[in-house]
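Reader: Could you take me through this model, beginning with the overall fold and moving on to the details?

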Amino acid sequence: MATATYTVKGMTCGHCVSSVKEEVGEVAGVTSVEVDLASGLLTVESDSPVAAAQIVTAVEEAGYEVVNPA
């Protein structure tokens, strides 16, 4: 089990959160996605470590930006 945290910029509402959760949830290996709208915090849990680039790409697909990706 691996957990990674990212900060997402540009989310303003519940729909934004849903979009990010949906895109990141489709990344292979991801088992859980939590998004905190107020802080922009994205927490991703997976069976094994997932490349940060895959998460960044998924967030960008949703229309948002990861600040300081790992």
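Author: The secondary structure of the protein chain comes to two helices and four strands. Helices (H or I, at least four residues) and strands (E, at least two) are DSSP runs, numbered from the N terminus. This is a predicted model, in which local features need pLDDT of at least 70 and side-chain atom pairs count only at pLDDT 80 or more, while totals for chains, interfaces and linings use all residues. Residues are numbered from 1 along each chain as its sequence is written, and side-chain values use heavy atoms, with hydrogens and water left out.

Reader: Which pattern does the chain follow along the sequence?

Author: The pattern is β-α-β-β-α-β.

Reader: What radius of gyration does the protein chain have, against that of a compact globule?

Author: The protein chain has 11 Å, which agrees with the value near 11 Å for a compact globule of 70 residues. The radius is taken over C-alpha atoms, and the globule rule is 2.2 Å times the number of residues to the power 0.38. Along the principal axes, the C-alpha atoms fill a box of roughly 30 × 20 × 20 Å.

Reader: How much of the chain counts as buried?

Author: Of its 70 residues, 37% count as buried. Buried means under 20% relative accessible area, exposed over 50% and partly exposed in between, with a 1.4 Å probe and protein chains only.

Reader: Turning to the strands, which ones are joined to β3 by bridges?

Author: Strand β1 (residues 2–9) is joined to β3 by six bridges, and the two run antiparallel. Six bridges also join β2 (residues 30–36) to β3, again antiparallel. Two strands pair if DSSP finds at least two bridges between them.

Reader: Which residues stand opposite one another there?

Author: Thr7 stands opposite Leu41 in β3, and Val33 stands opposite Val44 in β3.

Reader: How many residues lie between β2 and β3 in the hairpin?

Author: Four residues lie between β2 and β3. Gly40, in the turn, has a positive phi of about 80°.

Reader: And which residues of β3 are on its covered face, and which on the uncovered one?

Author: In β3 (residues 41–46), Leu42, Val44 and Ser46 form the covered face. Leu41, Thr43 and Glu45 form the uncovered one.

Reader: Now helix α1. What span should its residues have?

Author: The twelve residues of α1 (residues 14–25) should span 16 Å at 1.5 Å a residue, and the end C-alpha atoms are 16 Å apart, which agrees. The expected span is 1.5 Å times one less than the number of residues.

Reader: Which residues of α1 are buried?

Author: Cys16, Val17, Ser19, Val20 and Val24 are buried. They cover an arc of only 160° around the axis, which puts them on the same side of α1; the arc is that of the directions from the helix axis to the C-beta atoms. His15 and Glu22, on the other side, are exposed.

Reader: What do the buried residues pack against?

Author: They pack against β2, β3 and α2 (52–61). Contact here means heavy atoms within 4.5 Å.

Reader: Which residues does Ser19 touch?

Author: Ser19 touches Ala62 and Tyr64, not counting residues up to four places away in sequence. Ser19 has a relative accessible area of 17%, so it is buried.
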